[in-house]
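I opened this model to look up a helix pair and some backbone angles. My notes follow.

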Amino acid sequence: MDTFKIVVAGVGGQGTLLASRLLADAAIAAGMHVKIGETYGMAQRGGSVTAQLRYGERVYSPLIDPGAADIQMAFEMMEAVRYLPYLNADSTVIVNTQKILPPSVATGQAAYPENVLDELIKREIRVIGVDAFTIAKEAGEVRTANVALVGALSVHLDVEAELFESIIEQRVPQRFLEENMKAFAGGRAAGGE
């Protein structure tokens, strides 16, 4: 088995790190060797949060070279653009269609670019837009958008859905389990195109 490479990109407070750990744990449960590296310096202030995850028969480092990622899971559209250098023509981007305005846009010093998804598609990258926020609301808890995105991504991995569900049961507090399971199922439906 070749090494599979995933870049997870989000904004602090979105559950990016939990999502990357769910991915890693599910791959481990499927019998794969996994390495994960996370960066979250300004996470508490709404800054970028990233994780690089590699899994396969034998993996020695979590780091992904520019142009080498198989999939990017972006929790916000501009984060998908920010990490474009990691992608190539065969990459897939699963992107939450929610906009989170950076401080410069919120204060009127800059404008949020229009047609971000169209710009990604123009680069001939496979783009799967997922309205994870709406899926999470329908699941009964808006904070499950991260698990909805994991569900969308899980459709494109060689890991059984049941393994993801088992990991979610282990990682998520019982009081939020039902909503997270609904979000995961909604994400799988949205990620299948």
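This is a predicted model: local features need pLDDT of at least 70, side-chain atom pairs count only at pLDDT 80 or more; totals for chains, interfaces and linings use all residues.

Residues are numbered from 1 along each chain as its sequence is written, and side-chain values use heavy atoms, with hydrogens and water left out.

Next I checked which residues make the contact (heavy atoms within 4.5 Å). H5 brings Ala132, Phe133, Ile135 and Ala136, and H6 brings Ala145, Ala148 and Leu149. I sorted them by class: seven are nonpolar, none polar and none charged.

Then I took the geometry. The axes of H5 (residues 132-139) and H6 (residues 145-154) come within 8 Å and cross at roughly 115 degrees. H5 is therefore roughly perpendicular to H6 (65 to 115 degrees).

I turned to phi. Most residues other than glycine have a negative phi. I found a positive value at Asn115, near 55 degrees. Asn115 sits in the loop between H3 (103-106) and H4 (116-122). I read its relative accessibility as 48%, so Asn115 counts as partly exposed (buried is under 20%, exposed over 50%, partly exposed in between, with a 1.4 Å probe and protein chains only).

I also logged Glu124, not a glycine, with a positive phi of about 60 degrees. Its place is the loop between H4 and strand E6 (126-130). Glu124 is exposed, at 64% relative accessible area.

Note on methods. Axes are lines fitted to C-alpha atoms, for helices over the stretch in contact, and angles run from 0 to 180 degrees between N-to-C directions. Helices (H or I, at least four residues) and strands (E, at least two) are DSSP runs, numbered from the N terminus. Angles under 35 degrees count as roughly parallel, over 145 as roughly antiparallel, 65 to 115 as roughly perpendicular and the rest as oblique. Ala, Val, Leu, Ile, Met, Phe, Trp, Tyr, Cys and Pro count as nonpolar, Asp, Glu, Lys and Arg as charged, and the others, Gly among them, as polar.
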